[in-house]
Each structure stands twice: as C-alpha cells, then as structure tokens.
Amino acid sequence: MEQNQFEVIRQDQDDISILTIKGYLDAHTAPDFEKAIQELLESNRYKIVIDFSDLNYISSAGLGVFMGFIEDVRKNGGDIKLAQLNDRVFKIFDLLGFPNLYEIYENLGQAIEKFKSA
Amino acid sequence: MKIITLKRTNLILFVLSIFFLAFIFLIDLGFYYTRNYPSNIYGLREFMIVFALLFFSSLIYRQHYIQEKDILFKLKSLFVAILGVYLATALPKFLLPIQYYKTTTDLPVLFSSLMTLLHSTFVSIFATLFFIAILFILRDLIFYKSKKGTRRLFWAGLILLLIYVLYEQFQYGNAHAEWSFKGRDRVEWILSGAMLIVMMLLSFRTAWVNMLNKKQKILTFWAGVLILPGAIALSRSSSYQSIYYYSLTVAAFDAYVAYFVYIYVLFSLFSILLHLPTASIFDRKMNEISSLHNLSRTISSVMDYDAVLKKVTELTTEVLSSDYCWLEMIDPSTEARKIVSWRGINKTNLKHYSLDGEEGNLSHWIIRNKYSVLINDVSKDLRVKHLKFWKKDLNSLLAVPLISKGNVIGILYAAKRTEFGFDNEDRELLQAFANQATVAIENANLLKESIERERLAQELRVAHETQLKLLPKQMPAVEQLDIEGICITANEVGGDYYGFISLDDSRLGIIIGDVSGKGISAAFYMAELKGIIEAYARIYQSPKELLSQMNRVLYQNVDRQTFVSLIYAIVDLQKNRIRFSRAGHCPLLVISPDTGEVLRFQPAGMGLALDEGKLFDRILDEQELPIRDGNIFVFYTDGLTEARNPEGDEFGEERLTAVLSQIKGKSASEIVDTIVHQLKSFVGEARQHDDISILVVRVKKP
C-alpha cells in the first residue's frame, strides 16, 4: 500500500501557476502541498490552478490546505481553481459543499481560460 | 601484574649487565696492578663484554622512550643520543686528562695510569649505551612505512656486524691494537663492504620525511647539518681510541653504528633537501586531508540540521582560505534556490545576491550538468560577470554541486578576492568536501524529521485520549429507542465525535461529526464543538438554526484550515418525526421497517467553519421524516466508507448499503456488530487511516 506517496509539480504559464498534485493528499502529505502553495504566494503568484487528475485521495486535512490559503489569495486578486477531479475526489468535495466555495472545472484548459478572460 | 614482571625483568637485566661490567673492571684492575694480561683471559673478557652489551640492548629496548613511535619524538631522541655520544666521549677527556701508551699496538693495552683505565671504561660504556639507543631509533625510522624486505635487510646487517665482531675477535683477539682499515685481510674487507652496502640500502628508507611539515623539515635539516661534521670530527679524535683500548668488540660495534649514523643522516639530509621545494604543497595537501577528516568527524558529531549547514561553509572557508563562501540549497522539483549558510558575507549582501546573469545561469548549468565550475577571472566570464556588481572585489569563484541520489540538492560556492585563487586540486577537494557535506546534511535532515515525527506521535496520543473522554460513556436510556454507537479510533488522525442531548421528555438531539485536521488541535476543537452544541441545543430548536449559529461561532474561533462536518438530528417521539440538517457530513441512511430498503438522505449543506455564514445559511437545508416502529437510522463518519483494504479499494457506500439491507430484526448493538464485522473482514490487515464512527438508532414503539 505504498501509493500513499504525494507529489506536487509546479508549472507556470504567464501569471498563472498550475500545481499538479499526485497520489494521496492526507494529514501526512498536506504539509508538502502547503509548502508548494506558500512558495507561490511568497513570489506573489495568486492565480493558481490545481490539477487533480492524478490525485487518488484527499482527506479532510488535505481539504484544509485550500481553506488555509483561499482568503489570502482572493484578497490579492487571485483565486484557486480546481480542475480534473476524479469521481471519488469530487464526491468528497461535493459532500462538504466545496463546489460552493471553489470553481471546479472538468479540464485544465477551462480553468486557465477562466483566469485569462477575467 | 604485567607491569611488575616487566620491571623485574628490567632489574634482572640491569643487574646482569652491571655484574658483567664490574667483573670486567675487576679483571682490568687486577691486570693493571700485576701488569700482566694472559691472552686467553682477554678472549673470555671480550665475550663477557658481548653478553653485557646484549643485556644492555634488551634493557634499552624495553624503555618506553624507545618504544614510542612518533616520528618527531624519534628525531629528537636521535639528536639527543648523538649529542650523548659526543658528551660521553668528549667530557671525560676534559675532566680526566690522560696519557695512553702510544708505542704499543698490541692488545691488551697496558694502561699508563688508573685514570686512563677509568676513562677508557667509562667512555666505552656510555658511548656504547648511546650507540645502542641510536641503533634502535634508526631501526624505527627505517621501518617507518617499510616493507618486509627492509626488515630482513636490517637484520642481515646486524648479523653481518655480529659475524664481523666475532671474526675480529678470533683473528686479532690478542694481537691487534690499531683498529683501522690498514692491514685488513680479505674476509674483513668483504664483511665491511657487505655491511656498507646494507647500510646504504637501508639509508634510502627515509619515508618519515613525508610526515614532516615544512617547518619541521627545515629544522631537521639544520639539526642534521650541525651533527654531521661534528660526528666526523669526533670520530677522528683520540676519544675513540679509548674505546679500542678498552675492547676491540665494543670498538667494532661502535664504529659501525657510527658509520651507519653518518650514512643515514647524510641520506636523510639529501632526502629532506629533495622534499623541501614541494614541502609547502605537501603541507597544504596534508591540511586538506585533515580538514576532510574534520568534516567527516563533524558529520557524526553534529546532529542539528542548521548547525551542519553552518559547519559546511565554515570548513570550506578554512580549507580553501576563501574570502566568501555560501551554500545554496535547491528544491529538486521547483529548482527554487535559497542561501542557507554563508561566510564573509552579511545579510544585506544576501538580499542583493542573484546568480542569474545575462549569459545564462550558473546554478542552472550546475544543476543540469551535475558538475563543478571553476572561474578564475570573474570579470571575464559572462555567466558570472554580474557578481562583480554584487561584490566588487570578487575575482575567482569555485562552485560545486551537492548531489544526492542523482539530484543536485545544493551548490557550495567559494570565492576569493584574488584572480586565479583556485586550482583544479581545490576543485577536486571541494567536490570531495561537498560529497561528505551532502551525507551530513541528509543525515541531519532525517534526524530532524524523525524528531518531528516523534513529537507528532506524542501529540496524537494526547489527542486520542482527549477524544475518548469526550464521547458518551453510555447510550441514553430512552424507552422507545434502541441506540448503539461505536467509535473506532485510528491511532493517528482523529476528529470523530458523537453525542446526545436530552431536550425534553420526548425529544432527543443526536450529533455525529468529524473535525478536520489532526492531532491535538482536532481534539481541542472537538471539545469546543461539544460545548457549543450543548449550550445552543436548548436555545435553538431547529437543527438548521442550531447549525447556522454554530457555524458563526466556529468560523470565528477556529483557524482557517479547520472545519467540521456534522449531522444534527432531533428525534421527536411525540410527533413521531425526525428533523435533521447536514453540514457537509456523510448522508443519513434510513432503513424502512417493511421492505428493509436502505434510503439515503443527503440534504444540501456545507461543512461548518468553511464560510462566515451567508453562504452557509443559504445552502443549508433541513429535512423532516416520519418515524415508524422498526425504522433504523444509521449515522456514520467518512472513516467507515473510506476504509480501505490492502488493495486500496474503499469499503464504500454500496458495501455499507448491502450490509444494511441484511439486518432486519436485529437490535442496534447487533447491527453495529454486523457492520464492524463486515468492515473488518473487508479491510483485513490494512492500516486504519481515519476514525470510524457508527451510530445506530432503532425505533421500537410499544
């Protein structure tokens, strides 16, 4: 059961940063994710798209990471948009009512486009 | 015990030597007064002298200053021993003015006075003692880093000397007084020649010279220069004559050891002379090696991550005598770089530091090529030219990567004010250094992580205990309800909570919730949650109202990462209704008494403390259902449906529903047992990641 590994890959497109998250985002791996977002904010990058396509699982601690930053990001005119969630992950988001708080897109392009057109 | 026996052996050896020498002196005394020396007794006397010498040799060999192996100490003792020979031969000459019979060349010599006899005896004994010591010292110098052959050669030389002495004894024992190269026979020539060759061969063994630093080499050289002419002068002086007169055996031994000393000292002087031009380079090399060794030691001694980083730049500065030194750590995934340790640079400098030049980036180059860079004129290298703006006097730069598992995890920079401040050896050295540093840094990092883990584990244990104390100790005793709850806590993450509030005779409030986050904070929030619910439940009569108020309070009081999913339900046994609201929690499952069908209720709602209130209130829904005899309500937390088997599959809602459709006629506690049993057989050996809570409420109307 060592698919628990978690990985964040950052990719910058102009002023938009795409974080692709992989594996299991839980209490153990949440700090890694936090660090990745923290780094973006430190370099004043507030337009963030999270690519969920390779994420297998997210726990409440993982969800907490989004909540921890969203206020700061939005205050600075940015946003965290979520894209390409698989069914299982979406269900977790949905149950908690996250779709009311975040823009969720079926594919990455839409999310990026949304930033660009804004 | 060992020390005592050693000392006793010393004493025995000493007594034996003194005994032999005293005996010889008595013989000499006897013959001095009788003026007669029978030749057969003279032969016996020489043999006694050989024995006395052997005893003295083993006595001297046993002394700790002869056993000491330090090269500098050896050289000092050699110097002292040679001075000792001078003193032993020259001092008595001043103190005891003597006159030998110059006319005779026959042995034994008839001494002209008692003083002459005394003089001869003392000079011989003391000079020989020093010569024995010298021989041992030379032996150790020659054997330094030598191979087996050298040892054999040395022993061969000693055996030759012994044969020579014995031959001399038999041949001239009673006839020869003038000990010189003149008038020697063929055997003597062959033996002396062979000994000379052996001495020369042994004199090439001067590996110890390499051990000395430049200063020590110069000092040793001058000491040797001082001693050599003095030795030659002394050997020609009449002092040695007194030894010949005392004993031919002793004289032969002393003379050949003396030759050996001259030859060896001469060779050593040449060797030192040859090494002198490279001495300072050699010194630096030695210094570098010792610094590397120092770093290796630091690796095992410094455990603190930050301290290791500091030590790395500190040692780099020391070894390369660089003016500036800094260490960049690199995040392997983002290539983000950060200076973590520096020397010779202040914090203001650091703010203006950037390695991104106009002609490509040096760090990027190193990360890609995983190879070091040596720039000896910074102003002419387009990659780093801009560094001149940062530090005007920075002229040479050396940068080496810290490579771990094929990734560059950091870059170590050393810079000097002078141009051409580094050479390729420095580059290799710093790379070796960096490799060691990588190990040190990673070790410290691992340790840091494991301490953090231990702290976390401790927190979680406290959280776990707190959590258990917050759960109800027994189920509420309500006549028309059969209630059973269970909370299977995971040892790590925990935040599940359930509880009951008796609102009045016919109404019971039921709560099940899950606080996000981990460790002690989750446990504290749970306690807070419990307090808020118990205070508000009696004030706000509808679940929706209660959750809405709770959300406002919680949002103000918890940190942003934390939120709570929860269902609050009020069972009204008078109106036979259940009213509930769901704040982002798992759905409520209801089993109908007739068909056994499992119905799923998931009214709209979002987690508590996610939103300040407006959005929460707008979304939150409240649902009301009639309750009938035999109705079963199942509340649970996501730990149940998200429990995974070893293959990584989740237990899921479907399996839960399937289990629940088979529970007709069972009591609440039997239902809980069934679910747990099914869950366990599904999960098997897999580790539990999250708390699992199940609350079953069965209606049993009379």
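**Close-up views of a predicted two-chain model**

**Figure 1. Bridge partners of Ala415(B) in strand S7 of chain B.** In S7(B), Tyr324(B) has Ala415(B) as its bridge partner. Leu397(B) also stands opposite Ala415(B) in S7(B). The model is predicted: local features need pLDDT of at least 70 and side-chain atom pairs count only at pLDDT 80 or more, whereas totals for chains, interfaces and linings use all residues. Residues are numbered from 1 along each chain as its sequence is written, chains are lettered from A and ligands numbered from 1 in the order in which they are written, and side-chain values use heavy atoms, with hydrogens and water left out.

**Figure 2. Strand S7 of chain B and its paired strands.** Helices (H or I, at least four residues) and strands (E, at least two) are DSSP runs, numbered from the N terminus; two strands pair if DSSP finds at least two bridges between them. Strand S1 (residues 324–330) of chain B pairs with S7(B) in the antiparallel sense over six bridges. Strand S6 (residues 396–404) of chain B also runs antiparallel to S7(B), joined to it by nine bridges. S6(B) and S7(B) form a hairpin with two residues between them, and Lys405(B) in the turn has a positive phi of about 50 degrees. Nine of the ten residues of S7(B) (residues 407–416) are buried, so this strand is largely enclosed by the rest of the structure. Buried denotes under 20% relative accessible area, exposed over 50%, and partly exposed in between (1.4 Å probe, protein chains only).

**Figure 3. The interface of chain A and chain B.** In this interface, 29 residues of chain A are in contact (heavy atoms within 4.5 Å) with 35 residues of chain B. The two chains bury about 2,400 Å² between them, 55% of it on carbon and sulfur atoms; buried area is the accessible area (1.4 Å probe) that two parts lose on being put together, summed over both. Two salt bridges cross the interface of chain A and chain B, a salt bridge being a side-chain nitrogen of Lys or Arg within 4 Å of a carboxyl oxygen of Asp or Glu. The side chains of Arg88(A) and Glu650(B) meet in a salt bridge (3.6 Å, N to O). On the side of chain A that touches chain B, the elements giving two or more residues are strand S1 (6–13), helix H1 (30–42), helix H2 (60–75) and helix H3 (87–95) of chain A. H2(A) supplies the largest share of that side, seven residues.

**Figure 4. A salt-bridge network in chain A.** Arg74(A), Asp79(A), Lys81(A), Glu103(A) and Lys114(A) are linked in a network of salt bridges. Within it, the closest N and O atoms of Arg74(A) and Asp79(A) are 3.0 Å apart, and those of Asp79(A) and Lys81(A) are 3.2 Å apart. Arg74(A) counts as partly exposed, at 38% relative accessibility, whereas Asp79(A) counts as buried, at 8%. Lys81(A) is buried as well.

**Figure 5. The salt bridge of Arg552(B) and Asp617(B).** The closest N and O atoms of Arg552(B) and Asp617(B), which form a salt bridge, are 2.3 Å apart. This pair links distant parts of the chain, with Arg552(B) in helix H18 (residues 543–557) and Asp617(B) in helix H19 (residues 614–619) of chain B, 65 residues apart. At 35% relative accessibility, Arg552(B) counts as partly exposed.
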